[in-house]
Amino acid sequence: MTFVVALAAICDSKLLCAQRSYPEKLRGKWELPGGKVRDGEKVVAALVREIKEELDWEIPPSQLKQILPGPLPAGNWSLPKGAQMRVMIYRPRELPALQAGDSHLSLQWSSVEKVTQLDWLEPDLPIAEALSRALKNPAQLRPQNR
């Protein structure tokens, strides 16, 4: 099974949203930054690696203790072809600088009102909607089980 990790970076009631650059059929759609967990790799380590590759951010693993709970066991989210995704919350103290790498056309901090107005990848839309609700009610977020 493919397992994916994604970062929900939240700062000043804004969510970091990433616009895909490839493949062509997904170009321009919005998602959360992240990627696939490699065989034998821990979930948190995979997210730290992916975010370093995509955003050039150094996130201490200790700051990835909350997840956005999804409907699957362990709070995961369903993706096509039986894949699952864990969405982990990161709360930087200030809005970090954004520089899109090869994976994304652009990056933006979206207010709670605008998150669901973006053209999200279809499997990510329920996640974006849940994040929008969570931005309005942060008590919906929970610590992850390590």
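Which residues does Gln108 touch, not counting residues up to four places away in sequence? In this predicted model, where residues are numbered from 1 along each chain as its sequence is written, local features need pLDDT of at least 70, side-chain atom pairs count only at pLDDT 80 or more, and totals for chains, interfaces and linings use all residues. Side-chain values use heavy atoms, with hydrogens and water left out. With contact taken as heavy atoms within 4.5 Å, Gln108 touches Leu15, Leu16, Cys17, Trp30, Leu98 and Leu118 once residues up to four places away in sequence are set aside. Gln108 lies in strand E8, where helices (H or I, at least four residues) and strands (E, at least two) are DSSP runs numbered from the N terminus. At 29% relative accessibility Gln108 counts as partly exposed, a class that lies between buried (under 20% relative accessible area) and exposed (over 50%), as computed with a 1.4 Å probe on protein chains only. The C-alpha atoms of Gln108 and Glu24 are separated by 20 Å, and the two residues are 84 residues apart along the chain.

Two helices can be described in terms of their span and their packing. The expected span of a helix is 1.5 Å times one less than its number of residues. For H1 (43–55), 13 residues at 1.5 Å a residue should span 18 Å, which agrees with the 18 Å between its end C-alpha atoms. Buried positions in H1 are Val44, Ala46, Leu47, Arg49, Glu50, Ile51, Glu54 and Leu55, and the buried residues of this helix pack against E1, E2, E4, E7 and strand E8 (104–111). Asp56, which follows H1, has a positive phi near 60°. Helix H2 (residues 125–136) has twelve residues and reaches 17 Å from its first C-alpha to its last, close to the 16 Å expected at 1.5 Å a residue. In H2 the buried residues are Ile127, Ala128, Ala130, Leu131, Ser132, Ala134 and Leu135, and these pack against E1, strand E2 (14–20), strand E6 (77–78) and strand E7 (84–90).

Backbone geometry was examined next. Most residues other than glycine have a negative phi, and most peptide bonds are trans. In the loop between E1 and E2, Asp12 has a positive phi of about 50° although it is not a glycine, and Asp12 is exposed, with a relative accessible area of 58%. Ser13 also lies in the loop between E1 and E2; its phi is near 60°, a positive value in a residue other than glycine, and Ser13 is partly exposed at a relative accessible area of 46%. A cis peptide bond with an omega of about -15° joins Tyr22 and Pro23, and Pro23 lies in the loop between E2 and strand E3 (30–31).

The loop between E2 and E3 also holds Lys29, which is partly exposed, with a relative accessible area of 27%. Leaving aside neighbours within four places in sequence, Lys29 is in contact with Ala18, Gln19, Arg20, Asp119, Trp120 and Leu121. The C-alpha atoms of Lys29 and Leu121 are separated by 5.5 Å, although these residues are 92 residues apart along the chain. Leu68, in the loop between strand E5 (66–67) and E6, counts as buried at 3% relative accessibility; Leu68 and Val115 are 47 residues apart in sequence and 15 Å apart in space, C-alpha to C-alpha.

With a disulfide defined as a pair of cysteine sulfur atoms within 2.5 Å, the count comes to zero disulfides. Cys11 is in no disulfide, and the nearest cysteine sulfur, that of Cys17, is 13 Å away. Cys11 is buried at a relative accessible area of 3%, and Cys17 likewise counts as buried, at 0% relative accessibility.

Grid points are joined across faces, edges and corners, and a volume is the space filled by probe spheres set on the points. About 820 Å³ of space lies in the largest pocket. The largest pocket is lined by 27 residues, of which Val4, Arg20, Leu26, Glu31 and Lys36 lie nearest its centre, and the elements that give two or more residues to this lining are strand E1 (3–11), strand E4 (34–36) and helix H1 (43–55).

Note on methods:
1 Å grid on protein atoms, 1.4 Å probe; cavity = no way out; pocket = protein on both sides within 12 Å on 5 of 7 lines; lining within 4 Å.
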